[in-house]
Every structure is written in structure tokens, then in C-alpha cells.
Amino acid sequence: MNDFVFETVKKTIKKLKVNINDNEIKSLIEVPKDYSRGDFAFPCFALAKIMKMPPHEIAVSLRESMGSFPSVFKDISVEGAYLNFFLDRKKVIYDLIKRTEKEKDNFGNNEMGKETVTMIEFSQPNTHKAFHVGHIRGTSIGESLSRISEYNGEKVIRANYSGDTGMHIAKWIWCYRKYHSREEPRDDEKWIASIYVEAIKKIPKLKTAQKEVDEINRKIESKEDPEINAIWEKTRNLSIKSWEKIYKELDTDFNVHFFESEVEKRGKEIAMELVKKKIAKIDDGATIIKFEDKNLGTWVLLRKDGTVLYSAKDLALAEIKFKKYNIEKSIYIIGAEQSLHVTQLFKTLELMKFKNADKCRFIPVSEVRLPTGKMSSRTGDNVLYSEFMEEMVKFAKEGVKKRDKKIAKKELEERALVISIAAIKYSMLKQDSNRNIIFRKEESFNFDGNTGPYLLYSYARASSIINKSKFMGDLSPDFEPEDKETQLALKMKEFPDIVKKSYESLDPSEIANYSYELSKIFNEFYHSSEVLGSDKENFRLHLVNAFRQVLKNSLYLLGIKVLEKM
RNA sequence: GCCUGGGUAACUCAGCCUGGAUAGAGUGCCAGCCUUCUAAGCUGGAAGUCGCAGGUUCAAAUCCUGUCCCGGGCGCCA
């Protein structure tokens, strides 16, 4: 289509003998932001300089000397300094609807990623700590990017990575043994989280505590103390078990779950190999890398006492990812506060002459904050996932019951959960991942406007029409699209490009914002035109059905399920 | 001090990469619309020195420089 615009403009410009090359002409062609201005536009500002004429006059004279134009265009008009090209929209809409009907769930996908095996690491909850609302952000982004990558042809391995050893576990066990040893460890997130918080508060106040913690940390690593081993194993497994329900609700299924305890040993070895290779050195007893680039600073691999830090563990993990899983691309979805760490990691992989060091990508995820400040597992200033979801589902149920008074209990439960997950996921995904989110609980209970439930509602409304309609025959080409209909169809047509864009920029918010815009236009159409019983029923039913398909695909990429009824 | 992300309507944000046609949404506020396919909706309205100052350009929220404010990070936490 673009080529037709190019050829038409080029031909006319040549007639006028203007000195401008083809590439310049090509780069000037744009798509108007407002569909009523046409499908393509050619701005004449650049020509103004060359021709020494006001841009508007240039547009007029281009249009006048154009003569006949290709029949794909219904009209070419002048508006201000712009030449606006209008396609035969009836044909565009017809083709679009036909395409969605043929491709269905595959409408919008493509082969850009060509079977690349990619590992996407995300979520990364630590054992012995709270899984709070903030964790939903990284988990949602990870699942969404996995789906987007798959939709673009890649083979994705979803990977989780949990800290089940290290100082935070040592602190937890220290506190448990000292103050809670009579309590039987139980599958209660709140209880598990509270012991960690207690430890953080008590340790700085006791003189010998940190020493005791260090000793426990050493023993966890060496596995020399059977009692500590037993506590560690038991409590660790309880944490892991508590995540099962969460991931099921969030509709994320990991292909592999790594643990720090599995990479400790190899991490230590790598650290020592790096000393031999003179990449790392021993400084004040610790094993460190001092980077040439001063902005990268120093990276500590092993502590003074020889125990391993997460830096070295990440090196070992990268090795497993590429060697054992044979991946071609590695994406890390990690908190933005770890930017320096990740940069140091990538740089070290490069120094190690790691074959695929340049195939690592980092998606920094900024904080989910409370109005009062940072949300933290350390201090206990957080909103637990389980408690929050319980409240949210309860709230969602009220709304469903109002609409559907006879609904069965199980159905109610399921619908409320889908709505709640849509609400929380969408609120996490619509915003740029690089920006802090201030989490206000009361606001997340608002289902009006630009929210997940609004999208589901639009889908349910469309479904309702389709489900109430009788037989829908083939789309007959004798329709005359009205304003809203054209707008809706043209928006749907954008979907494949949006998918590509979000894939290239690894950005789910692109899809999220699109879903909202699409739904908004649908709701406007819904109010302006009747579908069932109208004399345009055939066309409108097909249009509504196409909308359902596109929104469904779009929400799928966000990891959000749709509801036929709500 | 250095590195890094942000500063757009009362609030929360999109637009910035790739400069162009009157700067867009949502919430909240004001005024309307349910005997009609689900009102978690739709229509209209009020509301903006795009942090500030320079520069580049025919054209700057968008690019460049400086500056102020806020968040995060900078050797034995993850």
C-alpha cells in the first residue's frame, strides 16, 4: 500500500522537477494519527525549503498535476500542508474481517522470531519471604513477554529462579531457632514472612546475632549440621508449595525452576577460575572483579569467609542456561534496582568470552510502592498476594451477583477470579515497566474506565450479541461502513503491527494500551448502532465477531482470560 | 560525588525511540442517557506555563546543552 503512495508522489514530484531523492520521499510518508484524515499522508514541509513556496501551495499544486491515480485509492485530498490518501475502505474492511475469520487465534502472529530458543527468567520469589503484590508485576510482565515472543515465532522456556540459600535464609533460621523452635513449621505464608521480618528487626539490636547468622549461613552452605539441614529443607519446601496456587491463578506455568542452592558450588568454582584467568582477584580476603569501566565499579563474588554471593551464582546460572538448555537468547526480567548487578553480570560474561554474552537482554522492572514508601519483604511493609486477592475476589463477586442473581456458586467463584486477575494484571502491564507504580488498594478496586474489567466487559458484551444471534451467514460485500464501524475495523487492522512493535521493544504495555483503545471504540460503536434486527445485521455481526477475536488475541498476549458472560 | 530512571490536567498515566496537522486517556468534579443486543457502559463540559533556561529546525512535549526537584543504585543482602 505504502508503495502506491510512494509511486504516486514520486511521479508527480518528477513532473514538477523538484530535486529530492527517492529515500527522502519514502521517509516522509506517514500514517495520520486521526483516521478521518486518511490512510496515508504526505507532508509538504520538506519541499517548501527546496521549492521556496508555502507548504500548502505545494500540496495544492501536487494534487493538481497528479492527474489520475491508482484505483486502490478512493480519494486523495489536500488539507493544509498535507496530501491525504484514502484507501477504498470498504475493501479494506472486508479483507480484514475475512482475515480474522480465517486466522482466528492466529490473527496477528508472525514468524519474526523464527524458532529462536529463548529463556525468559522472571518472578524469582525467594523462599522464606513474603510473595507480595509487587511480585505480581514481574510475573505478569514475564508471562506476557513469553506469550508475545511465542506469538512472534520463538520457542520460549519460562524460567523461575529462587533464592533458597544465602543470608536471608540464614537470618530466618536464626530467628526460628532462637524464638520459635517450639512452633511446627507450617504452610502459612504470613507466618513464614513474619519470622523474616522479626529477624531483620532483632539482629541489629543484638551484639552477637550477626556472628551467629554468619555461622548458620556457612553451615547451610557446607551442609555439615543435620539439624539446620532439616529445618532448611522443610521450610524451603513449604515456601515452594505455597507458590503453586499463586502461579495457577496468575496462569503462569514455568518450564524450569532454578534454585540458588543448585548453583552455589559451580558459582564458587567459576569465581576461582576467574582469579586464575586474572579477571578476578582477591582483595581484603574477598574475591572481586574490578571493572575497567569505572561506572561498573567493583563486583564481589565470594565473601571473606569464602561463601558465595549471588553474583557468582548468576554466572553459574548463565552457564547452565546456555550450555544445558542450548538457548539462543536469554531475557532477564529483574527489579530495576539491580541494574548495576545485571550490567556487571553481562560484562563479566563478555570478559569470560562467553559465546552468547551479546544475546542477553535485561528488562528492568521498577518498584511497586506503597503511598508510604517502598514495599518490602524485609520490613514487612507490604501487601501479601494471598490476602489482597482474597479481598479483590470478594469485591468482584459483589459486582457479578448484581448482574447475575441466579449464578451458581462455582461459576461465581470462577468469574470473580478471572475478573480480579484481569484487574491486577492489567494495572501492572499498562504502565511502562520502567516507572514506579504507587499501589493504592482502594484504587485497584475501581473497575471503571481504563481497567482490566472494562476490557472483559467489552468482550462479554460482544459475546452476548453473538450468542443471541441466529445463523450468521457469510459476510456479504454489499455493506456501507459508517464512521464508527470504519474506525473499529481500522483499529483491528493495526493489531499485527502492534504485536511486532511490542515484540521488538519487549514491551507488553504496547498491547495493553492497544486493547483499551480497541475496546473503547467498540463500546462507542455498541452505543451508536444496533446490531440484532438492524438492516445491517449481517455486516455488523461479522464486525462484532471480528472484534471479539482481536480483543481475545490481544488479551491472551497479556495473559488475561476472557469471559463470555460477566 | 558518580551512575541510572522519572518530572505532561487536581490525581494516575499515554505520547518522546522514529520532530509535524487543534497535546491525548482514565479517575475525580459538573450536566445528560437504562420499557431497546449487559449502565463495570455511552454523550457533553470544566481542567494543561508538557519542571525551568537556552540551543538546533520551516516546525520541539519529542533532538542537543545546562539546571532544579523526586525515585533507585554505587565491595562482602538478593
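**Exercise 1. Bridge partners in a sheet**

Which residue in β9 is the bridge partner of Ile 288, and which strands stand at the edges of the sheet?

Solution. 
1. In this predicted model, Ile 288 has Val 300 of β9 as its bridge partner.
2. Strand β8, residues 286-290, is joined to β9 by four bridges, and the two run antiparallel.
3. The open sheet consists of three strands in the order β7-β8-β9, with antiparallel pairing.
4. β7 (281-283) and β9 (298-302) each have a single partner strand, so they are the edges, and one side of each lacks a neighbour in the sheet.
5. On average, and ignoring direction, neighbouring strands of this sheet are turned by 45° against each other.

**Exercise 2. Helix α15 against helix α17**

At what angle do the axes of α15 and α17 cross, and which residues meet?

Solution. 
1. The axes of α15 (residues 409-429) and α17 cross at roughly 125° and come within 7 Å.
2. On the α15 side the contact has Ile 419, Ala 422, Ala 423, Lys 425, Tyr 426 and Ser 427. On the α17 side it has Gly 452, Pro 453, Leu 455 and Leu 456.
3. Sorted by class, the residues of this contact are seven nonpolar, two polar and one charged.

**Exercise 3. Helix α17 against helix α20**

How far apart are the axes of α17 and α20, and is their crossing left-handed or right-handed?

Solution. 
1. Helix α17 spans residues 452-468 and helix α20 residues 537-558; their axes are 9 Å apart, at an angle of about 145°.
2. The crossing of the two is left-handed.
3. α17 contributes Leu 455, Ser 458, Tyr 459, Ala 462, Ser 463, Ile 465 and Ile 466. These meet residues of α20 including Leu 541, Val 544, Phe 547, Arg 548 and Leu 555.
4. By class, the contact of α17 with α20 comprises 10 nonpolar, three polar and two charged residues.
5. Leu 455 takes part in the contact with α20 and also in that with α15.

**Exercise 4. The surface near RNA strand B**

How many residues surround RNA strand B, and which element gives the largest share of the surface near it?

Solution. 
1. RNA strand B is surrounded by 75 residues.
2. The closest are Phe 45, Gly 166, Arg 303, Gly 449 and Ser 464.
3. α17 supplies the largest share of this surface, with eight residues.
4. The class counts for the surface near RNA strand B are 29 nonpolar, 25 polar and 21 charged.

Conventions. Residues numbered from 1 in each chain as written. Chains lettered and ligands numbered in written order. Predicted model: local features only at pLDDT ≥ 70, side-chain atom pairs only at ≥ 80, totals over all residues. Pairing = 2+ DSSP bridges. Axes fitted to C-alpha atoms, helices over the stretch in contact; angles between N-to-C directions. Left-handed = near helix turned anticlockwise from the far one by under 90°. Contact = placed C-beta atoms within 7 Å. Nonpolar A, V, L, I, M, F, W, Y, C, P; charged D, E, K, R; others polar. Near = placed C-beta within 6 Å.
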